[in-house]
Amino acid sequence: MRARTLVSMLILAGLVAVSCRDAAPSVPLPPATPFAPEVMAEVHEVRDLAAQARGLEPAVNIAEGSITRDQLKSYYDEVADVAHESDSDGELAVMNTAMRLMQMLDPGEDALQEYTSDLGTDVIGFYSFEDDELVMVDDGGSDSSLDLYDGLALAHEYVHSFQDASFDFDRLGDLQEKEEEDKLNTEYSVTIDALMEGDAQAASIDYLGLSLGADAVDEWLDNGVAEASIQDDGSGSALDRMTIFPYSEGLRFVLYLWLKGGWEEVDKAYADPPKTTEQIMHPDRYVAGDEPLGLKLPDLSDELGDGWKQTDDGVFGEFDVYNYIRTGTDDDLNARSVADGWNGGRMAVYAHGSDSERVVLHLVLSWDNDDEANEFYSAFQLHVQSLGDAQHAPLLWTSQDMQTQRLLWDGESEHIYGWMEDRIFRAVFTVQQADLEQAMSAVAPGVTRETMLAGIE
């Protein structure tokens, strides 16, 4: 497992959610216990076979060992504690509110805490790019020899060490940093992870083929656990889907390239990584060089009034649209269909000081054509309607020429105004109604609650 910041939605960017590579400097990784000599011999057999399967040179100058499950849990608990203690501006609480407004976090939940808790429980191994160290998690079994799943996990992590030695990770890191600094319309912070995890997943399957033979791999793939680990669409929570995206969609992306031109084609992708989650979800569009409409959002801090500041502004990609719609339905295929047709998107987050109950989200999405735009807007209406009840039904308005459609919704702790015009969808989400009124005046001058109620612009 690689470390990464959870940024498949921009509102997670402030979580400083960390794993292996991006650990906070004040929280060092637990010291690993070197493998016993007899285990090390087996481990290196896995390494060499994984290198053969992937077609890259094995990385031999790395540290290798294990830590206990309790050590890992304590590490992630400390990571979360340090992040919260250092969050003097309250941005973690603001991001939690932003996620709740998008129905991606339940009231009272803390996204960073949820993420680090899951990592402490679920991670079975990792490669630390920062420390050049491969670590397996010892869950206390009495058998010291490696089983099938140990070998598979080791192969996966060794592939990350091969990637580290073979490709220009400084350049990839520069792409991610420039994306954030210049507010580019790329999603490298997610797509590079998807490329790497998909690569490691595919190479691990190839490793199994060399280790067990094709028939045994077919039998393993028919096993329910294996199928879930590789093909799971992420039908759990929004956070679950964010976490699994680099693995499930990354695997499909890499397999597409591999079938097109083998590992050489996959290697080329490191020199020109996919720019958006759309390209990950539709590899043919990556190959074709399909790029979205470039969008820039104005900073609305002054228009919102004294005390307001923008805390984030980043891409809201095709996967984010899928994940948002998916939160309101059990229909995975429908959510994918709605998200298909995405042609660019951004979301900005604003907070009034450090008050996590004074948060505004500004979302803008572009669509390929009128049909795609209308499909999304219909799904958006249904999604909003699912949030309320008879006392909290949305107000809908459509212009006489049918070119503009508006929605206004007031819930108990959320308020939404959204509209579609000329294939561009815009919306603001707030906790408090008064803040929605101010946000409406900032993004849609001349449109107020009163004019909506009167049925005029």
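Which residues in H5 meet which residues in H7? The views below begin with the whole chain and then turn to this contact.

**Figure 1. The whole chain, shown as a predicted model.** Welcome to the overview: 18 helices and eleven strands make up the secondary structure listed for this chain. There are 457 residues, and 54% of them count as buried. Looking at contacts between residues at least 6 apart in sequence, 71% join residues at least 24 apart.

**Figure 2. Helices H5 and H7 where their axes cross.** H5 spans residues 148–166 and H7 spans residues 188–212. Their axes come within 8 Å and cross at roughly 130°, which means that H5 is oblique to H7. The crossing of this pair is right-handed.

**Figure 3. Side by side, the residues of the contact between H5 and H7.** Here is the reply to our opening question. From H5, look for Leu148, Gly151, Leu152, Ala155, His156, Val159, His160 and Gln163. They meet Met196, Glu197, Asp199, Ala200, Gln201, Ala203, Ser204, Tyr207, Leu208 and Leu212 in H7. By class, the residues of this contact are ten nonpolar, six polar and two charged.

**Figure 4. Helix H17 and its buried residues.** H17 runs over residues 433–443, and its buried residues are Asp435, Leu436, Ala439, Met440, Ala442 and Val443. These residues lie on the same side of H17, because they cover an arc of only 160° around the axis. As a friendly reminder for reading this view, an α-helix has 3.6 residues a turn, so residues three or four places apart point the same way.

Note on methods. Residues numbered from 1 in each chain as written. Predicted model: local features only at pLDDT ≥ 70, side-chain atom pairs only at ≥ 80, totals over all residues. Heavy atoms only, no water. Axes fitted to C-alpha atoms, helices over the stretch in contact; angles between N-to-C directions. Helix = DSSP H or I, 4+ residues; strand = E, 2+ residues; numbered from the N terminus. Parallel < 35°, antiparallel > 145°, perpendicular 65-115°, else oblique. Left-handed = near helix turned anticlockwise from the far one by under 90°. Contact = heavy atoms within 4.5 Å. Nonpolar A, V, L, I, M, F, W, Y, C, P; charged D, E, K, R; others polar. Buried < 20%, exposed > 50% of the residue type's maximum accessible area, 1.4 Å probe, protein only. Arc of directions from axis to C-beta.
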